[in-house]
Amino acid sequence: MAELLLHNRCVHSVYELLGTQENHITYSLGWALSQCPEFRTAMLRRIFPTAQSYAAEQINLQQRQEGGGITDIEIIGDDIHLIVEAKRGWTLPTKVQLALYTPRLRTRSHAHVALVTMSECSQEYAALRQPKAIDGVPLLHLSWRDVQDLCVAKGTHAEKRLVREFHTYLQRIVKMQQQESNLVYVVSLSAAVPPGSKLSWIQIVEDRGRYFHPVGNGWPKEPPNYLGFRYKGELQSIRHVESWKIMDAIQGEIPGFRGTWEKPHFVYTLGPTIRPPQKVKTGSIFRNGRVWAMLDLLLSTNSVSEARDVTKKRLEAVD
């Protein structure tokens with residue numbers, strides 16, 4: 001069999017021809033669910049363990065409703081009605097977005113209804129960020145790893161092949177997440193003292209092993225695995241995020257600092273210091289600029305901007 005290449009990358013699954021963006025993942029999942037009854041039943045049984053029937057009459061993709069948003073996937077059956085909101089990466093939909101869909105789940109008299117979010121987030125992480133229900137509708141979460149585990153190679157030869165190919169496609173999605181988990185969010189520190197603190201930004205990191213920043217609004221909406229700190233024109237350290245909290249006030253959390261914020265902040269507890277083995281200059285980055293770069297590149301290149309640029313090329317090559 002001839003090898004198929006797309007942009008010099010080997011294609012292992014027909015689903016990869018679509019791509020790995022959010023809509024591509026949604027369409028691929030919808031196709032697999034519609035063509036592979038055993039896979040569909042396995043997923044529905046996971047979501048509705050007490051349902052009497054898992055027969056599906058209709059599977060809708062990108063269904064628009066006036067005032068009710070656009071759903072990613074909607075599965076309607078004799079006994080069930082399910083809406084799936086799928087996300088790429090370590091992220092979750094907002095409660096406001098999910099609340100738009102709940103009226104659809106109330107218009108019909110199905111015994112089992114649910115909202116389901118899907119992304120690379122683990123169930124443990126989603127449980128910390130999502131309520132158990134929205135407007136009385138149960139809300140569940142499945143990671144892409146969970147969906148991959150549900151790929152049951154049963155049924156006809158064609159069904160088995162489609163399921164295997166979808167499993168391969170999800171494996172690539174998971175692999176991309178593993179690459180992205182190696183990303184370091186590099187920030188600039190100064191000797192200035194933030195309001196409410198007796199310590200400078202540098203001291204908060206170096207002496208207390210802590211750091212904090214707003215949630216969103218130009219800052220990460222999800223906590224990174226690693227933080228990098230630069231000052232005096234070069235990268236000084238990389239620290240693993242051991243734990244984090246979302247807080248509106250920080251009294252007593254960091255010795256020498258007390259204060260409140262108008263918007264929620266991530267407050268990090270940092271792990272042991274990783275020092276680059278060579279001098280890593282800032283490079284072509286604005287004075288207060290914040291960038292993403294892979295850990296191994298920060299430890300092997302000559303500047304943060306070079307690590308940033310090579311990181312972008314790597315991620316583009318995978319996508």
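## Pairing and the hairpins

Two strands are taken to pair if DSSP finds at least two bridges between them. In this predicted model, strands E4 and E5 meet that condition, pairing in the antiparallel sense over four bridges, and together they form a hairpin with two residues between them.

On its other hairpin, E4 is joined with E3, and here five residues lie between the strands. E3 and E4 pair in the antiparallel sense over seven bridges, with Arg64 having Ile70 of E4 as its bridge partner. Within this hairpin, Gly67 takes a positive phi near 75 degrees. E4 itself is mostly covered, since seven of its eight residues are buried.

## The sheet as a whole

These strands belong to an open sheet of six strands, arranged in the order E3-E4-E5-E6-E8-E7, in which the pairing is mixed. The edges are formed by E3 (56-64) and E7 (133-134), each of which pairs on one side only. In general, strands of a sheet pair through backbone hydrogen bonds, either parallel or antiparallel.

Ile134 has Val137 of E8 as its bridge partner.

## Helix H1 against the sheet

Helix H1 (residues 22-35) contains 14 residues and reaches 20 Å from its first C-alpha to its last, close to the 20 Å expected at 1.5 Å a residue. H1 lies across E3, E4 (70-77), E5 (80-86) and E6 (112-119), and it runs at about 165 degrees to E3.

Which residues of H1 are buried? They are Ile25, Thr26, Ser28, Leu29, Gly30, Ala32 and Leu33.

## Where H1 meets H2

The axes of H1 and helix H2 (residues 37-47) come within 5 Å and cross at roughly 105 degrees. Angles of 65 to 115 degrees count as roughly perpendicular, and the two helices H1 and H2 are therefore roughly perpendicular to each other.

The contact brings Leu29, Ala32, Leu33, Ser34 and Gln35 of H1 to Pro37, Phe39, Arg40 and Met43 of H2. By class, this contact of H1 with H2 has six nonpolar, two polar and one charged residues. Leu29, Ala32 and Leu33, which take part on the H1 side, are also among the buried residues of that helix.

How values were computed. Residues numbered from 1 in each chain as written. Predicted model: local features only at pLDDT ≥ 70, side-chain atom pairs only at ≥ 80, totals over all residues. Heavy atoms only, no water. Expected span 1.5 Å × (residues − 1). Buried < 20%, exposed > 50% of the residue type's maximum accessible area, 1.4 Å probe, protein only. Contact = heavy atoms within 4.5 Å. Axes fitted to C-alpha atoms, helices over the stretch in contact; angles between N-to-C directions. Parallel < 35°, antiparallel > 145°, perpendicular 65-115°, else oblique. Nonpolar A, V, L, I, M, F, W, Y, C, P; charged D, E, K, R; others polar.
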